[in-house]
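Here is a friendly walk through one protein chain, going from the whole fold down to single residues. Please keep the viewer open as you read.

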Amino acid sequence: MATTTDSEHHRDLILVSNRLPLSVSKENGTYKTSLSSGGLVTALSGLSKSMNFRWIGWPGISIKDEEEQKQASQSLAENGAMGIFLDAQLAHDHYNGFSNSILWPIMHYQSGINFNEEAWTAYQRVNEIFADTVAAEAKPNDLIWIHDYHLLLLPSLLRERLEKQGKRCAIGFSLHTPFPAEDFWRGLPVHADLLRGVLASDVIGFHTCEYRRNFVGGCARSIGATVKGEDHVTYAGHDTYVGTFIVGIDPQKFSDSRLDPCVQKRIKTLEEEYKGKTVIVGVDRLDHTKGLVQKLEGYGGFLKQHPELSNKVTLIQVAIPSREDVKEYQNLADEVNTLVGRIDGTYATPDGTPLVYMHRSVSFTELTALYCIADICLLTSHRDGMNLVASEYVACQEDRHGVLVLSELAGAAAFMKTGGIIFHPSRVREMSDAIYQAVTMDAEERERRHKQLIEFVTTHTSAKWGESFICALEEHGQC
């Protein structure tokens, strides 16, 4: 992630996100950095092949000592990143207090959210700190690409500072969650402030046309913005291009991983272990939006409806821990554990169990191997910005032609419905029928469906997503 030089005649790109894609840790008195996992990192992995960029964001830890901050900053700089160090309480109130306890649920159509003024103040303050830092780092004509709901106020705050400093830079913003329908969005007391904040961007990108339409409609009705056509919004004299940019993965990364000797060895071991079984894989963060409770209820309904298959099918569910210090997530983990125990207690035999539950992260080697040996991938999101697991699974199914069983409420369903089996995650019978359809699907139809899916995955890659957004930013950026 190095900066381009003037001789290359390219404008520098600054990526801004709440959390850096690098984990910082202290080992033997020195700070070291390592690449993190996550949807945004996955989506931008292909961009690094075509562009040079710097990344600015919070490093995920609190470092009070200025000398230690310098050490950590040096380690980050070696990886093309710059850390914004926040007070621990401020970071908590911004991230957990407002972003994840108020904004995240609203974005994902969850009601009953309690607004908190202190958390809102922290959210504003962190956006101001980011604006100060990015404005100081930016050079005239830089491209600045801001990511996600933690920084909705940043475009406006940043533009104010850049103008005071006499710097003209193009500002882009991408939202990686759904943007909800107006009734949900207007339930947030500060919804107008957030719209005004993000509308200072030159380009705003959403993953689906539905999210874009919801946003544009909200701008017109909530703050009286002028809408031109489907993709231009004018507010306070500033014109913003609002587009749909389909995010993807780097398929080559998974093709290469499949050929890795360690992955091949693991594939053989798993194939032997599950020989004669139809393997279903699920990979989700342990979050309410992923529909894990509904997935287990639907899978239990499938086993009850088709008891003759209970010893012939195995669901391997990876549930990656998330926000373990939050009580609602602890309760969710308990509920999921109860359902897992109920299913295994009912259907397990000395010959095996129809459900393997892994409440932990898995290595990329293990993940690729699981994708490769699974006959079916089951994703049951209640709401999802996109869900790149769907694309990752398809990328690993060149030989097996596995079936994608996908919730209609995942963003990916808007593009993968012709190749996948689509269902509503809240209807147990509908999910059960979808699983049965996948389990009994003949080889010819599996291959036909996979061909449609892999064409989408290889066409809409992370690199092309990044390139298309940057092209739009260069075209519409007012600098």
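Among contacts in the chain between residues at least 6 apart in sequence, 79% link residues at least 24 apart. Please keep in mind that this is a predicted model.

The secondary structure of the chain comprises 18 helices and 17 strands. How does the radius of gyration of the chain agree with that of a compact globule? For 479 residues, a compact globule would have a radius of gyration near 23 Å, and the chain has 23 Å, so the two agree. Along the principal axes, the C-alpha atoms fill a box of roughly 70 × 55 × 40 Å.

Now to burial and surface. Of the 479 residues, 56% count as buried. The chain exposes about 20500 Å², and carbon and sulfur atoms supply 47% of that area. As for charge, there are 47 positive and 62 negative side chains. The centres of these two sets lie 2 Å apart.

Valine 16 lies in strand S1, which covers residues 13-19. Is valine 16 buried or exposed? Its relative accessible area is 0%, so valine 16 counts as buried, the cut-off being under 20%. Not counting residues up to four places away in sequence, valine 16 touches Trp55, Ile56, Phe130, Val134, Ile144, Trp145, Ile146, His147, Leu151 and Leu154. Glutamine 437 is 421 residues from valine 16 in sequence, and their C-alpha atoms are 43 Å apart in space.

**Two serines in helices**

Serine 75 sits in helix H2 (residues 66-77), while serine 255 belongs to helix H9 (residues 251-258). Serine 75 is buried, with a relative accessible area of 8%, whereas serine 255 is partly exposed at 24%. Which residues are in contact with serine 75, leaving aside its neighbours within four places in sequence? They are Tyr31, Lys32 and Thr33.

**Loop residues**

Asparagine 387 is found in the loop between strand S15 (376-379) and helix H14 (389-395). Despite that loop position, asparagine 387 counts as buried, at 8% relative accessibility. Leaving aside neighbours within four places in sequence, its contacts are Lys290, Leu379, Ser381, Ala410 and Ala412.

Glycine 112 lies in the loop between helix H3 (88-107) and helix H4 (117-137). At 69% relative accessibility, glycine 112 counts as exposed. Glycine 187 is 75 residues from glycine 112 along the chain, and their C-alpha atoms are separated by 9.5 Å.

Next come two residues with a positive phi. Asparagine 28 is not a glycine, yet its phi is positive, about 55°. Asparagine 28 is in the loop between strand S2 (22-27) and strand S3 (30-35), and is exposed, with a relative accessible area of 80%. Arginine 323 is not a glycine either, and has a positive phi of about 50°. Arginine 323 lies in the loop between strand S13 (313-320) and helix H12 (327-347). Is arginine 323 buried or exposed? Arginine 323 is buried, with a relative accessible area of 15%.

**Cysteines**

How many disulfides does the structure hold? The number is zero. Cysteine 396 is in no disulfide, because its nearest cysteine sulfur, that of cysteine 372, is 4.4 Å away, while a disulfide needs the sulfur atoms within 2.5 Å. Cysteine 396 counts as buried, at 3% relative accessibility, and cysteine 169 also counts as buried, at 2%.

**Accessibility at a glance**

The table gathers some of the residues discussed above.

| Residue | Relative accessible area | Class |
|---|---|---|
| Valine 16 | 0% | buried |
| Cysteine 169 | 2% | buried |
| Cysteine 396 | 3% | buried |
| Serine 75 | 8% | buried |
| Asparagine 387 | 8% | buried |
| Arginine 323 | 15% | buried |
| Serine 255 | 24% | partly exposed |
| Glycine 112 | 69% | exposed |
| Asparagine 28 | 80% | exposed |

Conventions. Residues are numbered from 1 along each chain as its sequence is written. Side-chain values use heavy atoms; hydrogens and water are left out. Helices (H or I, at least four residues) and strands (E, at least two) are DSSP runs, numbered from the N terminus. The radius of gyration is taken over C-alpha atoms; the globule rule is 2.2 Å times the number of residues to the power 0.38. Buried means under 20% relative accessible area, exposed over 50%, partly exposed in between (1.4 Å probe, protein chains only). Contact means heavy atoms within 4.5 Å. Accessible areas come from the Shrake-Rupley method with a 1.4 Å probe; for residues, only the protein chains shown count as cover. Lys and Arg count as positive and Asp and Glu as negative; His and the chain ends are not counted. The place of a charge is taken as NZ of Lys, CZ of Arg, CG of Asp or CD of Glu.
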